[in-house]
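This report is written for a reader who is meeting the structure for the first time. Please look over the sequence and the model before reading on.

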Amino acid sequence: MNQVSRASKNAVPTIQTLTFALKGETFAVSIESIKEIIEFPDQTAVPLMPRFLKGVMNLRGAVIPVIDLSERFHLGPSEPGRRTCVVIFELPYADSMHTLGIVVDAVQEVIDILPQQIDPTPEFGTHVAAEFLRGMLRLNNKIVLMLDLDKVLAMDQLEALMVPA
């Protein structure tokens, strides 16, 4: 048996993670549900929807709900800038896939992390409710909040906003 096959059998799987900025904080999400990242598009407001629903957008003929992640975290509305973009997610719910976007201030990078790099979420000390966090990462002497997309984008709460993919 050669060195390569022995090493690959013992390799710990990494989690590919996208880091992005929001209101001066760095956040991370697993890329497994990310479909694409686009420039901040024109959106149409939807009356009588929760404040965190920024509106809907047209993505190649499909109407996609766009969530203001900053509002979802009760940090105030996003203020679109030059680097603002929308991360498009495709998520399973009720036997179908649903597409939605979240507004972020700036996408930073895709990194590989090891599961053991994710520290437990503290009970206090973050600007984001602990229920939305999967844990915390220490990257380059900086704390990065790892989001739990199942809770942030709780499909049962967002069901009325979703459009099947």
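## Basis of the report

The model is predicted, so that local features need pLDDT of at least 70 and side-chain atom pairs count only at pLDDT 80 or more, while totals for chains, interfaces and linings use all residues. Residues are numbered from 1 along each chain as its sequence is written, and side-chain values use heavy atoms, with hydrogens and water left out.

## Salt bridges between separate elements

Six salt bridges are found in a search of the whole structure, a salt bridge being a side-chain nitrogen of Lys or Arg within 4 Å of a carboxyl oxygen of Asp or Glu. One of them joins arginine 60 to glutamate 36, at 2.4 Å from N to O. Because arginine 60 lies in the loop between strand 4 (53–59) and strand 5 (62–68), and glutamate 36 in strand 3 (residues 34–39), the pair ties together parts that are 24 residues apart in sequence. Strands are DSSP runs (E, at least two residues), numbered from the N terminus.

Aspartate 119 and arginine 138 also meet in a salt bridge, at 2.4 Å from N to O. Aspartate 119 belongs to strand 9 (residues 118–119) and arginine 138 to strand 10 (residues 133–139), so this pair ties together parts 19 residues apart in sequence.

## Exposure of the partners

Relative accessible area (1.4 Å probe, protein chains only) sorts residues into buried (under 20%), exposed (over 50%) and partly exposed (in between). Arginine 60 is exposed at 65%, as is arginine 138 at 59%, whereas aspartate 119 is partly exposed at 23%.

In a further salt bridge, the closest N and O atoms of aspartate 148 and lysine 151 are 3.5 Å apart; here aspartate 148 counts as buried at 18%, and lysine 151 as partly exposed at 43%.

How values were computed:
Helix = DSSP H or I, 4+ residues; strand = E, 2+ residues; numbered from the N terminus.
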